[in-house]
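Subject: The structure I promised you

Hi,

Could you open it and follow along as you read?

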Amino acid sequence: MASSMNFLCILGLIILVGAVVDGAGECGRSSPDNEAMKLAPCAGAAQDANTAVPGGCCSQIKRFSQNPKCLCAILLSDTAKASCVDPEVALTIPKRCNFANRPVGYKCGPYTLP
């Protein structure tokens, strides 16, 4: 009985380590909250649709636009919420940066990327 319990614990540990190494999350090996910190230049543009989007914000968003699951997870993260990010406004940033290859129509929770 004890050996089967040890086996199950070791198997569980292997699966957990494998998930971490493979980067099974939306943003790979980094959490959406950690990635949200990289979008600090977007703070004003993510709160007000009439605010100009800074170039530094567009360059960061361009990286995440290639992975809409990660971008969505970032914009709906606890860090984004704590920063008073309006997800509906934030999702307009790729369009406001004039990215031709943005994930148009991607569903992000109750929101859709325009």
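Gly25 is partly exposed, because its relative accessible area is 38%; buried means under 20%, exposed over 50%, and partly exposed in between, using a 1.4 Å probe and protein chains only. You'll find Gly25 in the loop between H1 and H2. Helices (H or I, at least four residues) and strands (E, at least two) are DSSP runs, numbered from the N terminus. Gly25 and Cys70 sit 45 residues apart in sequence, yet their C-alpha atoms are 8.3 Å apart in space.

Before you go on, a word on how to read all this. This is a predicted model, so local features need pLDDT of at least 70 and side-chain atom pairs count only at pLDDT 80 or more, while totals for chains, interfaces and linings use all residues. Residues are numbered from 1 along each chain as its sequence is written, and side-chain values use heavy atoms, with hydrogens and water left out.

Now the overall picture. The protein has 7 helices and 2 strands, and from the N terminus on they run α-α-α-α-α-α-α-β-β. Of its 114 residues, 33% are buried. The protein exposes about 7,000 Å², with carbon and sulfur atoms supplying 61% of that; the areas come from the Shrake-Rupley method with a 1.4 Å probe, and for residues only the protein chains shown count as cover. Contact means heavy atoms within 4.5 Å. Taking contacts between residues at least 6 apart in sequence, 57% join residues at least 24 apart.

On to the cysteines. How many disulfides does a search of the whole structure find? It finds 4, a disulfide being a pair of cysteine sulfur atoms within 2.5 Å. Number the bonded cysteines in sequence order and the pairing reads 1-5, 2-3, 4-7, 6-8.

Cys27 and Cys70 form a disulfide with their sulfur atoms 2.0 Å apart. The torsion about their S-S bond is about 105°, so this disulfide is right-handed. Cys27 lies in the loop between helix H1 (2-22) and helix H2 (32-36), and Cys70 in helix H4 (residues 68-75), so the pair ties together parts that are 43 residues apart in sequence. Cys27 and Cys70 are both buried.

Cys42 and Cys57 form another disulfide, again with 2.0 Å between the sulfur atoms. The S-S torsion of Cys42 and Cys57 is about 110°, so that disulfide is right-handed. Because Cys42 lies in the loop between H2 and helix H3 (55-65) and Cys57 in helix H3, this pair ties together parts that are 15 residues apart in sequence. Cys42 is buried, as is Cys57.

Then there's the disulfide joining Cys72 to Cys108, S to S 2.1 Å. With a torsion of about 105° about the S-S bond, the disulfide of Cys72 and Cys108 is right-handed. This pair links distant parts of the chain, with Cys72 in helix H4 and Cys108 in strand S1 (residues 107-108), 36 residues apart. Cys72 and Cys108 are both buried. Cys84, on the other hand, counts as exposed, because its relative accessibility is 57%.

Next, have a look at Glu35. Is Glu35 buried or exposed? Glu35 is buried, because its relative accessible area is 7%. You'll find Glu35 in helix H2. Its side chain makes a polar contact with the side chain of Ser30 at 2.7 Å. A polar contact is a pair of N or O atoms within 3.5 Å; within protein, one must be able to donate a hydrogen and the other to accept it, and residues adjacent in sequence count only if both atoms are side-chain atoms. Leaving aside neighbours within four places in sequence, Glu35 is in contact with Cys27, Ser30, Arg63, Phe64 and Ile74.

Two of those contacts turn up again: Arg63 lies over the face of Phe64, at 4.6 Å from the ring centre. A charge sits over a ring if NZ of Lys or CZ of Arg is within 6 Å of the ring centre and within 35 degrees of the ring normal.

Last stop: Ser65, which is in helix H3. Ser65 is buried, because its relative accessible area is 5%. Not counting residues up to four places away in sequence, Ser65 touches Leu71, Pro94, Phe99 and Pro103.

Cheers
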